[in-house]
Amino acid sequence: MDWLSHSESPWRFVAIPKKWFKKRPERTQAVRLRMALEELGTTYIKLGQVVSTRTDLLPPEYIEELSKLQDSAPPIAYEEVRQVIIEELGDPPEMVFGHFCEEPVAAASIGQVHEAALHDGTRVAVKVQRPGTAAKVEDDLLVLQDVATFLTHNTTVGAQYDFCGWRDEFAYTLRNELDFRREGRNADKFRENFRDDPELHVPRIYWEYTTRRVITMERIEGIKLNDEAGLDAANIDRPKLARTCARIVLTEIFKHGFFHADPHPGNFFVMPNGSLSLIDLGMVGRLDEQSRESLMRVTLNISHGDAEGLVDELLVLGVPRGPIRRHDIRLELAKIIQTYMEGPPQDFSLAHLLNDVLGTAGRNNIHVPSDLLFLAKTIAMCEGLSTMLDPNFRLIDFTRCFLETYYAELRTPKAIGDRLRDSGLDLAELGLSFPKKARRLLGQLERGEIAFTTRLENSDQFLRNIHKATNRLSTAVIMAGLIIGMSYVVSRAQSRGTVDLMLQLMFVLVFVAGVAFLVSIFKSKQN
């Protein structure tokens, strides 16, 4: 029976490799979501990065996976890069620049960067946008608009968190990032804001070589913050560097109201003189003065554990969209703060705490403006960046010290005098323009162009109660009329001796219905 052995079996020639039957590794839903976003491209990668900071919306496993999203892509061919430069600058790169390296040094989903040199020898970096990126992003944003509109108008969560506002803010920021001229203007503004700060260097923009799809800037020679070996070789003080990064980001947010919304380690370089350089300034966020002051007090109340003051600031920062139960909000916020503050220091996250606070506001009918969408992402990235450099760094403690110092600066006699001067000028201007505005208002009143609208708190419930009472009264009148009418008909028929069974049955039914109605009214009053 040797001819039946496996080695001599005729089926050995059609044997299927065992590796084809190997079980594929199990993938969680969170992993599949991350991989799907990566395959969908630029818009969804950036959306996932933003959502990855919202711990109040997603479970921890999704937050962890979405945090791994990297805005990277395979490089495009040099011929495509050359064609974009010809279309934007009018000549091929070998004529526009003294030297242009065909191999990119970095490639992302929006564009890729090439090293180059001007004709005078100045070393520059040239970022070229991928062909077709803008059209693809616009198509994706239309899809997101439909999804956001559906969720906002058909789900409770969508209404609470205003997904339409999120989509609009996200679309505005992403469109700005597609226009490299805006990135250049952002760089100029950052450079102006930090002109007196020796610890931050913002690269110069060469505007004569910059258009909507091409930007040319000073080439930065430094060490990336995530290059641990390079930082150690240069004897960089990491704890000091962590504090510098946090100070720069907090200064952008609270002092300038104009902040870099994508401060990941790849966008920071340590210069030879020890200062930091910031690149890739396409994605930015803006905050007006009132929002900055409210956020400052929100953060201080969080760090001090003041839930009562936190409710006050959330009501200033947000817009009520329904009945506000202040006592319930205060208790919920107090529990959140206590949970974070009393937990292990290594588990504390200011970004997560801020997201939970804003999430509590949304669940309790306080709509937080959508322009804070990128603020949570920025704080989360800042916290991760500083912790990477110094594992013992606590952003909440550093932020409290920073804001207390800055708050004191705003209350100095000189600062108060400047604010009084500005307020006085505003008041004088209002006084001069008041007669004209009053005349216009009186004219509108005379012509009936102004209408007054009043809104009663809990008016919907009041109207529902009135509607119920009216319905019951109408039903009671009808039932009473039926009973009286049937009694009259029966009595007349009985006097004539013509009472039949059907008439008696109708009278009994009407009487029973009336009694049942009275019983239901009595029970509803007791409840």
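**Exercise 1.** Does Leu-403 count as buried or exposed, and at what relative accessibility?

*Solution.* The model is predicted, local features need pLDDT of at least 70, side-chain atom pairs count only at pLDDT 80 or more, and totals for chains, interfaces and linings use all residues. Residues are numbered from 1 along each chain as its sequence is written, and side-chain values use heavy atoms, with hydrogens and water left out.

Step 1: locate the residue. Leu-403 belongs to helix H17, residues 395-410 (helices are DSSP runs of H or I with at least four residues, numbered from the N terminus).

Step 2: apply the cut-offs. Buried means under 20% relative accessible area, exposed over 50%, and partly exposed in between, with a 1.4 Å probe and protein chains only. Leu-403 has 0% relative accessibility and therefore counts as buried.

Step 3: Between Leu-403 and Lys-255 the C-alpha to C-alpha distance is 9.8 Å, with 148 residues separating them in sequence.

**Exercise 2.** Describe the lining of the second largest cavity.

*Solution.* On a 1 Å grid over the protein atoms alone, a cavity is a set of points where a 1.4 Å probe fits but cannot get out, whereas a pocket is an open set with protein on both sides within 12 Å along at least five of seven lines; lining residues have an atom within 4 Å of a point.

Step 1: find the cavity. The whole structure holds 3 cavities of 30 Å³ or more, and the second largest cavity has a volume of about 70 Å³.

Step 2: assign the lining. Helices H11 (238-256), H12 (289-304), H15 (350-363) and H16 (373-389) each give two or more residues; H12 gives the most, with 3 residues. Among the lining residues are Phe-254, Ile-302 and Thr-399.

Step 3: classify. The lining comprises 8 nonpolar, 2 polar and no charged residues.

**Exercise 3.** Which residues are closest to the centre of the second largest pocket?

*Solution.* Step 1: the second largest pocket contains about 570 Å³ of space. Step 2: 20 residues line this pocket, and Leu-47, Val-51, Leu-144, Val-147 and Leu-151 are the closest to its centre. Step 3: at least two lining residues come from each of helices H1 (29-40), H2 (42-51), H6 (133-154) and H8 (163-178).

**Exercise 4.** How does Leu-445 count in terms of accessibility?

*Solution.* Step 1: Leu-445 is part of helix H18, residues 413-446. Step 2: its relative accessibility is 42%, so Leu-445 counts as partly exposed.

Methods:
Points joined across faces, edges and corners; volume = space filled by probe spheres on them. Nonpolar A, V, L, I, M, F, W, Y, C, P; charged D, E, K, R; others polar.
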